[in-house]
Amino acid sequence: MSLIIRVIVNALALWAAVFLIDGVDVTAQDTFGQILVYLGVGVIFGLVNAIIKPIVKAVGCLFYALTLGLIGLVVNALLLLLTGWIAGQVGLAFEVEWFWPAFWAAIVISVVSWLLGLFLPDGDD
């Protein structure tokens with residue numbers, strides 16, 4: 001159940017980023033198609049963050065320390081670009097145009113995910 005909630009949170013955060021940031025787009029025509037794209041990209045984004053992000057953090061831990069964690073913003077943007085590329089490869093209508101929209105969208109996604117996480121149970125009960 002926790003995995004499904006995480007995918008839905010990712011999908012809602014991606015929706016907010018698409019709504020707020022020019023250069024991050026979902027081009028599905030109907031509402032049901034858009035929902036499926038958001039859920040599919042939410043799964044891809046979750047997998048990218050679960051698999052690649054820990055490796056990048058471990059390899060680049062010195063850069064994280066030297067920049068006081070600000071390199072994390074760049075890493076998140078690059079992971080979102082990777083997610084957009086993977087989504088395009090599997091036929092999902094999700095596109096991230098270039099680095100700066102990915103940078104701002106990654107910030108929006110992080111903030112929205114954090115806010116939604118405040119209202120969800122943490123599973124420690």
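Author: First, the ground rules. This is a predicted model, where local features need pLDDT of at least 70, side-chain atom pairs count only at pLDDT 80 or more, and totals for chains, interfaces and linings use all residues. Residues are numbered from 1 along each chain as its sequence is written, and side-chain values use heavy atoms, with hydrogens and water left out.

Reader: How many residues does helix α1 have, and what span does it reach?

Author: Helices (H or I, at least four residues) and strands (E, at least two) are DSSP runs, numbered from the N terminus. The expected span is 1.5 Å times one less than the number of residues. Helix α1 covers residues 2–20, 19 residues in total. From first C-alpha to last, α1 reaches 27 Å, close to the expected 27 Å. α4 also has 19 residues and reaches 27 Å, close to its expected 27 Å. Just after α4, Gly91 takes a positive phi of about 90 degrees.

Reader: Which residues of α4 are buried?

Author: Buried means under 20% relative accessible area, exposed over 50%, and partly exposed in between (1.4 Å probe, protein chains only). An α-helix has 3.6 residues a turn, so residues three or four places apart point the same way. In α4 the buried residues are Gly72, Val75, Asn76, Ala77, Leu79, Leu80, Thr83, Gly84 and Ala87. They pack against α1, α2, α3 (61–66), β2 and α5.

Reader: At what angle do α1 and α2 pack?

Author: Axes are lines fitted to C-alpha atoms, for helices over the stretch in contact, and angles run from 0 to 180 degrees between N-to-C directions. Here the angle is about 110 degrees, and the axes of α1 and α2 are 8 Å apart. α1 and α2 are therefore roughly perpendicular (65 to 115 degrees). Among the residues making the contact are Leu14 and Trp15 of α1, and Tyr38 and Phe45 of α2.

Technical notes
Contact means heavy atoms within 4.5 Å. Angles under 35 degrees count as roughly parallel, over 145 as roughly antiparallel, 65 to 115 as roughly perpendicular and the rest as oblique.
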